[in-house]
Amino acid sequence: MKLFHFTEMPYPYVPPEAEEAHRGLKYFIPNRFYDPVRGYELYQRYLDEYELADELGFDLMVNEHHQSASTLHVSATLSAATVLSRTRNGRVLVLGTPLPHRESPVRVAEEIAFLDAMSAGRINCGFVRGVQGETFPSNQNPVHNMEMFTEAHDLIVEAWTNHDLFSWEGRHYHYRYVAVWPRPYQQPHPPIWVSGTTRQLVEWTAAHGYTLCNLLGTYPDTAKSFRLYRQTAIAAGQPEPGPDKFAYLALCHVASSEEEARRVGEQLTWYLKQGRLRLGAANPPGYSSTAAAVAALRGKLGEVRRYSFERLVEEGILLVGTPDTVTAQLRRLYDETGVGNVILMNQAGEMTSNQVRDSLSLLAREVLPAVAPLGRQWQDEDTRWRVDRDTQPVETVLASALS
Amino acid sequence: MTDPDRARLLFLHDADVLPGPVGALAGLADSVDLEVPRHPGFGEHDELAQDWDSIADVAQYYLHELELRGGPAPHLAGAGLGGWIALEMAVRDQARFASLTLVAPYGVKLFGRMDREFADILLLDPAEVVALGWANPAACHGLRMPGLPKGLDDGEYERAFEDRATIARLAWKPFLHDPRLRRWLHVLDLPTLVIAGSHDRLVKPEHSRELAGLLRGARYVEFPGSGHYPYLETPDEFAEAVLSFVSGRQTIGATQ
């Protein structure tokens, strides 16, 4: 099992009354609440933490959101470039570039190729649809989100793998001459990762053999999503997917005692605060099926955000405790889902840099070595998630915490 | 039986409005041959409309339908989104119509690039749309949105979400207008009535008044007791104004 360090780089200094007045920290909050000097200090601090995580043996993940105080990453490729030039060892997972929200897939192909070329192939390339609210900063049509995602993907892969000059007159993208320089260092292209839970997206990811990432799902929901992937991949004639094809993102904090871990780790739930976005923003028209839209209207989505601390720990969404406790949680995650990559969100809200550094150091000393062997011999193991032991019908997963 | 002497009125509905002859339209149907079609993609999934990406597509569709059917030239009317469709139809083939009635139409951006001329009906909560769209929000009726009215079954709300998706497909960017439409307004030379409600904050009356000024020979009339839906909120005045206009009496409104 590989462990990735991740922080969304939040800006935690927005006054609560401003957050209340603007229905949360995302998409619609004016930037008068941002202080440039404090922002600079935050960037240096978060980048220092990436540097430490790399030295301690973690892989690294960056992402992007827009018009948001909960994330100061504004471009996953810019963040990746910055993290790459500060680190030497870890892989940098770009998870991800929200394809429908970027005007130019060719530019995405160039940027990823650049990152891969200049780092001798340290990039894992994640593509995402972009969470619902991202529709408003980019102003891209939510009705076409999924279509734009797949067309942009097709064009990018073509740009990496077709070594002749070509033209593209698609439904959403139009180029008369495409020939991307540089080519990626990893040939034919960097590993592609996708995050999501909708049936259509999981099946698409499985059919392409890409790595599927589940964000903040419960153990059973994550297992269901991965089972759908495995069965789709097998039906598409692919070999049985191993743990490397699966990733999971959890919130994490370890300390030498349970009490201390909880005292600090409770701050991680800052990230799960119930949003107050209008339904029209949390669920833009046409972004998802009308059935999913009604589920959102009825308050059936984002259930995870309402869980208690204890429930979040029980469900594996919060990996919080002593190194032994968290190691046991990761073992359980592997046993129940067969995941091979775990992204640890080691910071949220006002957690201090020392708290993050202490946790990273302890994780590196006691948890990393304990979980590293998980999944290495997966084909010799008799686990419940192996395809030939899986006889239950596949169910669709509804809840995403992240809208 | 169609009476050949009766005026024919094609009324194109707005976003969020219930199907059929709602409000004043029911009364109008006594005096004119009224048709209130449901736009393709509204109320149910429509395979044809899946490929459309502009209000001009809807206009082209209706023009083709009228051409297939033939018959005397109808009076063309539309409210809000339907007013926008009507304008797109008129600039393409005005000879097909006897007159044009527009009720607070979307579709033409008139003011500066930082002026929000049209309320964000795809983002706002239903209660906000009602508050902006009615002189007396407590009197709201005849509308259907996701979650409004309360207590409907999932199927009804799914249809309302489908409507929203169709509007987004047609009018997301540029939002609720098409710059190409404004370029061709000067070709219009039809008897035209532009109606606005004084309390409309979805499309402010100043916008409708300014638009009427760009349409040759257009009359502008404003109802002080109405918001965005005068045919629902002040139906008697609305019916009288439209009947006067289509019968050629034109006793109301000031020529711009």
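**A strand and its crossovers**

Analyst: In this predicted model, β2(A), helix α3 (residues 76-86) of chain A and β3(A) form a β-α-β unit of right-handed sense. Strand β2 spans residues 59-62 of chain A and pairs with β3(A) in the parallel sense, over 3 bridges. Within this pairing, Val62(A) has Val94(A) of β3(A) as its bridge partner.

Strand β3, residues 92-98 of chain A, is mostly covered, with 7 of its 7 residues buried. β3(A) also pairs with strand β4 (residues 123-128) of chain A, again in the parallel sense, and here over 5 bridges. One of the bridges joins Pro98(A) to its partner Val128(A) in β4(A). Between β3(A) and β4(A) the chain passes through helix α4 (residues 105-118) of chain A, and this β-α-β crossover is right-handed.

In soluble globular proteins, nonpolar side chains tend to be buried together. The largest nonpolar core has 89 residues, and Ala250(A), Val342(A) and Leu344(A) have the most contacts inside it. Strand β9 (residues 246-254) of chain A supplies the largest share of this core, namely 8 residues. A second, separate core comprises 87 residues, among them Leu9(B), Leu10(B), Ala77(B) and Ala104(B). Leu344(A), for its part, contacts residues beyond four places in sequence, including Leu3(A), Phe4(A), Phe6(A), Ala250(A) and Leu319(A).

Terms used:
Residues are numbered from 1 along each chain as its sequence is written. Chains are lettered from A and ligands numbered from 1 in the order in which they are written. This is a predicted model: local features need pLDDT of at least 70, side-chain atom pairs count only at pLDDT 80 or more; totals for chains, interfaces and linings use all residues. A nonpolar core is a set of buried Ala, Val, Leu, Ile, Met, Phe, Trp, Tyr and Cys residues joined through C-beta atoms within 7 Å. A residue is buried if 20 or more other C-beta atoms lie within 10 Å of its own, exposed if 12 or fewer, and partly exposed in between; C-beta atoms are placed from the backbone. Helices (H or I, at least four residues) and strands (E, at least two) are DSSP runs, numbered from the N terminus. Two residues are in contact if their C-beta atoms, placed from the backbone, lie within 7 Å. Two strands pair if DSSP finds at least two bridges between them. A crossover is right-handed if, with the strands pointing away from the viewer, the path from the first strand over the helix to the second runs clockwise.
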